[in-house]
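Morning, everyone. I have one model to show you today. Please look at the screen, and then I'll talk you through it.

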Amino acid sequence: VSESAETIDGEAWDLLTLHSPLDALADEVLTYGPDVVVRSPGELRDAVVARLRAVVEGGTR
Amino acid sequence: MSPAANPGDTAPDQVARLLALVPYLLARGEVRLDEAARHFGVEPDQLDRDLRLLFMTGVSPGLPGDLIEVDIDALEGDGVIRVDNADYLARPVRFSPAEATALVVALRTMLETAPEGARDVVERTLAKLEAVAGTDPAAVLPMHVQEQPQPGAEHVGTLERAIAAGHQLEIVYHVPSRDEQSTRVVDPRGIARVENVLYLDAWCHAAQDDRAFRLDRILSVSELDTPVADPAARPRDLAAGWFSDRETTPVTLRLGPRARWVTEYYPVLATRPGPDDTLEVDLAVAGEAWLSQLLMRLSPHASVVSPPEFAETFTAVARATLSRYEAGGVG
């Protein structure tokens, strides 16, 4: 559930702040593909980037 | 499936009945089980099952007092349904900003494709929610909802009139796989929106089978005077995202152990053990966008074995997403 929302970058993006368990949130964020980017926390950002790299570099875990 | 097939009580039927049961019971407070069953046109046993599910349901946030309290002794003993906390449940609902926003967005989306009779209700509900939001700036989150004209939406009026009248339709349809136009007579049953695409669910007399026609591929449509063969036929549940006709593509995925839940969550055609403790599954996929979202959610525990173009799309989406981070971020 979103706690706050504001528009940034000249209406190109909405900035949402929310609370959620990290694993579930990484799944959720990935679902939206390039339309959602994690700014913080770094832990979630790193988790998402690591999962994307694994796909791009190939192979199923 | 023949046009005469009459599907039994489906999950959507039950949800619709549960939604109607609450105001029905609250308005009466106490009602005999067999009387309520007659009202909803179901067997008392079925309504008994509905009620037991309803007891698990309540208003948010789901605290014990928020659950719908029905007197089980009265139900099992006297066959009487009695709601104990009707007053409490009838109190006005307070929406959080996120809930109000979700409602406004959903209603705006419905507005375009809602049947004519329902459009009025949707508009009035929207107006009320937006009036509340107007007095309290924090009531609705700021969001940019852009309504895009739905391709094929211009046919909706004609289709609805024919469905309401029980008339057949003649449609000129573009078949992309053969890149040709075909004219066919169909018995329309309903309009469904699946992954942002509008479909007409119909019995096709040319194919002698059920078909889901994409509205944006219908080049022209005209209502005929002839009645449909089976007026009692009900729309299939296209909204589940799966339908068994030629609009689906067979896809084979390879799932790692952490992605195996897919086989329990979605209907799969077949599964086989794959290399390195993986599982190969065959799915009939109606929308590539849906598949891409699923694969992204599962990443990197799932990959596409076939068809290769779906594998490429998935990798391209992952690469595009990764580039958002590598470009130094947003904002």
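Chain A has two strands and two helices. Read from the N terminus, the order is β-β-α-α. Keep in mind that this is a predicted model.

Some totals for chain A. There are 61 residues, and 33% of them are buried. The accessible surface is about 3600 Å². Carbon and sulfur atoms account for 49% of that surface. Now the contacts in chain A with a separation of 6 or more: 11% of these join residues 24 or more positions apart.

On to the partner. The size of an interface is often given as the accessible area lost when the parts come together. Here, about 2900 Å² is buried between chain B and chain A. Carbon and sulfur atoms give 63% of that area.

Next, the polar side. Seven residue pairs are in polar contact between the two chains, both residues at pLDDT 80 or more. Two salt bridges are counted between chain B and chain A. One of these links A:Arg53 to B:Glu326. Their closest N and O atoms are 3.1 Å apart.

Key
Residues are numbered from 1 along each chain as its sequence is written. Chains are lettered from A and ligands numbered from 1 in the order in which they are written. This is a predicted model: local features need pLDDT of at least 70, side-chain atom pairs count only at pLDDT 80 or more; totals for chains, interfaces and linings use all residues. Side-chain values use heavy atoms; hydrogens and water are left out. Buried area is the accessible area (1.4 Å probe) that two parts lose on being put together, summed over both. A salt bridge is a side-chain nitrogen of Lys or Arg within 4 Å of a carboxyl oxygen of Asp or Glu. A polar contact is a pair of N or O atoms within 3.5 Å; within protein, one must be able to donate a hydrogen and the other to accept it, and residues adjacent in sequence count only if both atoms are side-chain atoms. Helices (H or I, at least four residues) and strands (E, at least two) are DSSP runs, numbered from the N terminus. Buried means under 20% relative accessible area, exposed over 50%, partly exposed in between (1.4 Å probe, protein chains only). Contact means heavy atoms within 4.5 Å. Accessible areas come from the Shrake-Rupley method with a 1.4 Å probe; for residues, only the protein chains shown count as cover.
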